[in-house]
Structures are given as C-alpha cells and as structure tokens.
Amino acid sequence: MPCPDLNEPETTSKTAGGARDVLSADDISRALRRIGHEVIERNKGAHDLVVLGIPTRGAPLGRRLAAAIGAVEGIDVPVGELDITLYRDDLRRHPMRPAHRSHIPAEGIDDKVVVLVDDVLYSGRTIRAALDALAELGRPRAVRLAVLVDRGHRELPIRADHVGKNLPTSRDERVQVRVAEVDGVDVVRISGGEPR
Amino acid sequence: MTKHLISSADLSRDETIAILETAVSMHDLQRREVKKVPTLRGRTVINLFFEDSTRTRSSFEIAGKWMSADTINLSGKGSSTSKGESLRDTARTIDAMSVDALVIRHQASGACHQVAQWVRASVINAGDGMHEHPTQALLDAYTLRTRLGDLDGRHVVLVGDLTHSRVFRSNVITLKTLGARVTVVAPPTLMPSGIGAWSATEGFATGWDLDSVIDGDDPVDAIMMLRVQRERMSGGYFPTAREYTVGYGLTRERLGRLVARNPEVLVMHPGPMNRGLEIAADAADAPQSVVLDQVSAGVAVRMAVLYHLLAGDESARDDAERSVHA
C-alpha cells in the first residue's frame, strides 16, 4: 500500500539539477527564534497563544517555536499537533495516506490565538484543510500562520503571517525540509528544475 | 490497499496495522463535539443486510455518516429480494446507481465474494454465513492493541461454537497476521471439519478441554467467548445448555482462575451475549471485560476501513510517485 509521507515534497523531478542547501541548521534555529519574537510582538505577549504544528514536519517545528516563545516570555506555551488528512480536498486524486492523531492542548482553542506551523507553504491547500479542521474543534479568537519556507505558487487566497525564508522556486523544483526529530538532520534543500 | 474487503486474508500485516492506526485517530473524533469530517463527501455507501444485525449495521451507518458519505440501509426483508429477485440482480441494480461501496451481510457463505465479481463498487463483507466477518476481527484486534500494545507473541484463546462462527475465522487470520499466538477451544461437535489442516498451515492450536488451556503452561492474555448460535443449529450439537456451560462457559470460577494466572487478562465477546450460557453475567460485567470497548471500537474501525477503501482513487494509487505537496 502506498503511504507516502504527508509532507514529502512535490514532483520527483527526473532531471536532477544538483541539490543545494538554502538553510542550515543554524539558519533554521535563527528563523524560528525570530518568528517567536514576531509572534510575541504581534500578540503583545504570549498570553492566550496555542501553537499547533501540522504533521509530519510542522509538528516538531511547532514544538520548537513554542519553546522559543516560552524561553523569551518565561512561560509554557501550549503546543499540539493538528492532523489534516481527513480534511484534504485532494484525497481522491492522491494515494492513500494514513490519518494521524491530532493532539490539542487540554485548554482547547476557544478564544485563543492559534499559531499554525508548517514546514513549507506552497499551494495553500494544506492550510485550507487546517482551517476546516480547526473550525470543528472550536472557535479561536484568531488564527495565524507561521511557515519555515514560503515557496510561492499559491492556489488559494492564503498567506503566511510569519515566514522563515521566502524561496522563489519554479514548480519543477523540489523543496525538501529535513528536521532533526524526523530525519536526524536540520536542513532545507532545493533540487531539480533548471539551474538558476 | 485492496478494493474489496471480503476476507481478513485480503489485508497484509502492514495494511492491517495502517487501518488499526487510522482507527485510533477516528476514535479521537468520536470524543469530539462535532464528529463529522468531510473525507468521504460525495461518496455513497449502501448497507445491504440480508440478516439481522444491530451493532454492525448501525456502526457502518454511523461510520459512513461521520465521514460525510451518504449511507443508505437496505434490508433483505424490505427489498425486492422478498419479491423473488436474485442476489445478483439486486446487487447489479444497486451498483447501476453508481454507488461507491456495498456493505453486505448475507446468510450464505461466499455471498460477498460472489457479489464482488458482479459489481464495480467496493464490497465490504459485514458477515457472510459461516465464512468471515473481517471488520469484527479488526475491531477485536483494535481493542486488544489498545489494552496490550503490540500483539506479537500474545496468547489469545477463542472458545465456543467454532463451526458456525465467522468471527472465529476472521479473528484467527487477523490475530495470526499481527503475530499473536492463538488457541481455539470447542466441543468436538462444534469443531469445524478440516480444522486440523488449517491450524497446521496457519499455526494455531486447537483443543477440546477449556480447563487444560486455562491451567496450562501458557498464560492467557485474552479470552474471546463466541456466541452459541442457536439460529444456525438444528440441534444435536450438545445435550443441554447446562452441559455446554459446564464444559465451555466462562463461569465466575473459570474467570477467577484466569485472573489468578494473569490479573491483566481480557474478557471479550463479539455480542450479542447469551448470558448464563457461554458467558456468566459475572464474567461479562467483570473489570476484565472489554465487551463495551469492542462496541465502541466498532465505529472507529469501520470509519478506518471505509477511509482506506474509498478515500483514494484507483488511478491515484497507480502513481504513488507523484505525491504533491500542498
């Protein structure tokens, strides 16, 4: 049974045009710290925040972001995972994906400021699904979106509030986000496509 | 993933585990205020039941509804079958309405396999005669995994009317697929013919003496009492109900000995229970009993089955390579 990873980057380009690293482990860590500060600034503190990572790789990034915010403000920021498999609009067109569990912090999301965290923002469809999933869990006061990489090519009117790095890409390029908790290494890599 | 679920043997170990793991997240949905997810929006699931059923039919119906599929129940009694229409015509008529899945319970063994040859829809076996009941085996495995974790090497004992039991057949296959050790116990008259060859190939133990299994060298992790199916018996399998209970019922005394060997032992029954016959009320309501957990798992497991059979498209399964990041 084909069970590809949810966040496995797109098109397996056959014309591999030399992979290059665009973010190192240090870059990722700095980006998350900066996003943490941005979230706090925007929210005027860390009160009422709930950080929800979107599996697979958004989940560990969410935990790191929550830890970064907590370290600045000296509190524990509630953090969880939001699985959106059952809300995808492309299930019919793509191979079977196993559904994972969502973990929502005990305090819930009603009247909270939810910060969704994902690794790559691309078409926007994952985030659309995440918004649907959130709506059935409660009514947040606000929802913000933090992504490590925004690679463009949106298909829906969705934008990120906090971006680790904007990476203009072509559609036949492949953006790979690797995080230590899942892959044993922190790196963002681009491969495939025409040499730029 | 296979298109149909006719037999528990249609599922590999990986597929079985994928369904059981998906069922965990489906079970989470059940505890939510809003239980519906849009996953199967636009899909149609027909429950075609030629035999009585409470829990299987209602749980398939709820499972479909919570996944946003349109579910319709047809019973053999109220349909054209009672006017003399053949199973083939009934199945093809429904299939001609472009439904996505047919969930079928039928009194004839092999009915679902037959229907699968005739229709385009996915066929899910909800119990066919004395053959199989794969979703029951999945929910039993789910219940066991919730309590015991990995089933590799666990000792599960099935007791009772094996001859007439589709639950037993599917359970043996699923439990062996998941690596459990299985012992089946029945009176000689209710031991299926040919079980010797099957137990040899599948690798499970058989016995006539429940007490020697309970007191044997191999402590029991779970004991599953099968229902004495009076509606399938024309008599002569055992002299009296009392004698059956003495030999093969899970009495308070037997439960006591099981618990003495393994305080964590689980008592299971696929329902409906004949209290006082194959299971004493004391055992059915004991802290070791997970009978209600089995019912509660029914919806989640059937949601997972519908998801795995229906959510992806045939064409999409072919190009697993081109998974698109959204």
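The paragraphs below go through a predicted model, beginning with a sheet in chain A and moving on to a residue and the domains of chain B.

In chain A, five strands come together as an open sheet whose order is E3-E2-E4-E5-E6, and their pairing is parallel. Strand E3 (79-81) and strand E6 (162-166) of chain A each have a single partner strand, so these two stand at the edges and one side of each is left without a neighbour in the sheet. From one strand to the next, the twist averages 25°. Within this arrangement, strand E2 (residues 49-53) of chain A runs parallel to strand E4 (residues 113-121) of chain A, and five bridges join the two; Gly53(A) has Val117(A) of E4(A) standing opposite.

Helices of chain A also meet these strands. Helix H1 (residues 25-43) of chain A packs on the sheet, where it touches E2, E4, strand E5 (142-150) and E6 of chain A, and its direction makes about 150° with that of E6(A). Helix H3 (residues 125-135) of chain A, for its part, lies across E4 and E5 of chain A and runs at about 155° to E4(A).

Turning to chain B, a residue to look at is Thr183(B), which is found in strand E6 (residues 181-185) of chain B. Thr183(B) counts as buried because 20 C-beta neighbours lie inside 10 Å, and 20 or more is what the term requires. Leaving aside residues up to four places away in sequence, Thr183(B) touches Val157(B), Phe204(B), Ala205(B), Gly207(B) and Val213(B). Thr183(B) and Leu210(B), although 27 residues apart in sequence, are 10 Å apart in space when taken from C-alpha to C-alpha.

On the scale of the whole chain, chain B is divided into domain 1 (8-133 + 295-317) and domain 2 (135-294), and the centres of these two domains of chain B, taken over C-alpha atoms, are separated by 26 Å. The contact takes 24 residues from domain 1 of chain B and 22 residues from domain 2 of chain B. On the side of domain 1 of chain B that touches domain 2 of chain B, helix H1 (13-30), strand E4 (122-128) and helix H12 (291-310) of chain B each supply at least two residues, and the largest share, seven residues, comes from H12(B). Sorted by class, that side of domain 1 of chain B has eleven nonpolar, eight polar and five charged residues.

Notes. Residues are numbered from 1 along each chain as its sequence is written. Chains are lettered from A and ligands numbered from 1 in the order in which they are written. This is a predicted model: local features need pLDDT of at least 70, side-chain atom pairs count only at pLDDT 80 or more; totals for chains, interfaces and linings use all residues. Two strands pair if DSSP finds at least two bridges between them. Helices (H or I, at least four residues) and strands (E, at least two) are DSSP runs, numbered from the N terminus. Axes are lines fitted to C-alpha atoms, for helices over the stretch in contact, and angles run from 0 to 180 degrees between N-to-C directions. Two residues are in contact if their C-beta atoms, placed from the backbone, lie within 7 Å. A residue is buried if 20 or more other C-beta atoms lie within 10 Å of its own, exposed if 12 or fewer, and partly exposed in between; C-beta atoms are placed from the backbone. Domain bounds come from an automatic or database domain assignment. Ala, Val, Leu, Ile, Met, Phe, Trp, Tyr, Cys and Pro count as nonpolar, Asp, Glu, Lys and Arg as charged, and the others, Gly among them, as polar.
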